[in-house]
Amino acid sequence: MIYPAPLVLGSTIALSAFSSGVPEAIHPRLDLVITDFRRRGFKIIEGSCLREDQLHVSASKELRAQELMDFLLDDSIAAIAPPWGGELAMEVLDLLDYEKISRATPKWIFGFSDVSTLSVVISARCGWASAHCANFIDLSINQCDPLTANTLKHLASTTGTSFIQLSSEKYQLEFGDFEDDPKHCLSLTEPTAWLCLHPRTTAVSFSGRLIGGCLGTILHLFGCCYLDIDTLQQRFADKGMILYFENAQMSPCELIRALLNLRFKGLFSHLNGILIGRSSAPQIDSAGLSYLQALQSVLAQCDCPVLYNVDIGHMPPNMTLINGAYAEVEWNYPKAKIEQFLI
């Protein structure tokens, strides 16, 4: 893997919403976080695809792709950060020139949700490490939970070093309203407990290189040119793979179909372990099928360890997981530790 330069004070971060933009009602929150970053010493460039949102996107796919390419090829930029995720980042994938991107200076792409649609492809196609972590709009200076507050510290790690994260103490059940309260911080009220899908198991450890994101989007990429499974296996042959994902919207039946899709493509036979985030989708459907039963129906027979309720996704806080980094996972019910090595 190729790791971008550490993101440190003085680094330039380009803001571009290659998926959903920020409507006017949320501009006060966006302005607050931009001000916080500038006060900390970062240089912020605002793209033109940022402060509008119509039909789920900040601008046409052509404009979003062109702005993204301009930022990706600009060697003065250290990181590209969308304000948050969205729905239609996939629209820009076939408008990007991956050969040109591969020849450019690597940049951090960070965030979660639909951000992962791009970041996982850049890691798979171009070999750049990318970060699945709290979104830019969540990174206000007064956000103090350890996982969120240390996001920028982890992105400042240098190649060859490592960092450790512990599972959270509590997580947030529902997102706050930035329109009503631009200064809103995470409301962590629910006790965190990472669980293992295999019954009667109370401790597991595994290692490998991380790859993953929001299942609802990356599901459609595995097996095609943007996220080719054989290419990933070859790229990560030295350490093996850990797949991580979270379910933002899929019902239990939809989740079963998604997981079967990945099993049919052979992905699960190449894994050293699976990390599954807390699900923000309905936990049970009208027929009584639950989220946990959906996971068990497809993943219970996996040869590798499967942990769920992990600190990933739409029930924050979010760990910073580096696509391509070598990770060592240790779980002792109900807590866990992940150490990532930028090697």
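Biologist: How far apart are the closest N and O atoms in the salt bridge that glutamate 91 forms with arginine 64?
Modeller: This is a predicted model, in which local features need pLDDT of at least 70 and side-chain atom pairs count only at pLDDT 80 or more, while totals for chains, interfaces and linings use all residues. Residues are numbered from 1 along each chain as its sequence is written, and side-chain values use heavy atoms, leaving out hydrogens and water. For glutamate 91 and arginine 64, which form a salt bridge (a Lys or Arg side-chain nitrogen within 4 Å of an Asp or Glu carboxyl oxygen), the closest N and O atoms are separated by 2.4 Å.

Biologist: How many residues apart in sequence are the parts that this pair ties together?
Modeller: Glutamate 91 belongs to the loop between strand S3 (79–81) and helix H3 (98–103); helices (H or I, at least four residues) and strands (E, at least two) are DSSP runs, numbered from the N terminus. Arginine 64 lies in helix H2, so the pair ties together parts whose separation in sequence is 27 residues.

Biologist: Is arginine 64 buried or exposed?
Modeller: Glutamate 91 has a relative accessible area of 31% and is partly exposed, where buried means under 20%, exposed over 50% and partly exposed in between (1.4 Å probe, protein chains only). Arginine 64 has a relative accessible area of 1%, and therefore counts as buried.

Biologist: Which residue is linked with aspartate 31 and arginine 51 in a network of salt bridges?
Modeller: Among the 8 salt bridges found in the whole structure is that of arginine 51 with aspartate 31, whose closest N and O atoms are 2.5 Å apart. Because arginine 51 lies in the loop between strand S2 (43–46) and helix H2 (61–72), whereas aspartate 31 lies in helix H1 (residues 27–40), the pair ties together parts 20 residues apart in sequence. Both are partly exposed, arginine 51 at 25% and aspartate 31 at 33% relative accessibility. The network that holds these two also includes Glu46.

Biologist: Which residue of S2 is the bridge partner of threonine 12?
Modeller: In strand S1 (residues 12–15), Thr12 and Ala14 point one way and Ile13 and Leu15 the other, and all are buried. S1 pairs with S2 in the parallel sense over 4 bridges, at least two DSSP bridges being needed for two strands to pair. In S2, threonine 12 has as its bridge partner lysine 43.

Biologist: Which residue in S16 stands opposite serine 162?
Modeller: The open sheet of 8 strands runs in the order S6-S16-S15-S10-S11-S12-S13-S9, with mixed pairing. Strand S6 (162–166) and strand S9 (195–196) are at its edges with a single partner strand each, so one side of each has no neighbour in the sheet. S6 pairs with strand S16 (residues 335–341) in the antiparallel sense over 5 bridges. In S16, the residue opposite serine 162 is phenylalanine 341.

Biologist: Which residue is joined to tyrosine 333 by a cis peptide bond?
Modeller: Most peptide bonds are trans. A cis bond with omega of about 20 degrees joins proline 316 and proline 317, the latter found in the loop between strand S13 (306–310) and strand S14 (321–323). Another, with omega of about 5 degrees, joins tyrosine 333 to proline 334.

Biologist: What is the relative accessible area of arginine 200?
Modeller: Arginine 200 lies in the loop between S9 and strand S10 (203–214), and its phi is positive, near 65 degrees, in a residue other than glycine. Arginine 200 is exposed, because its relative accessible area is 82%.
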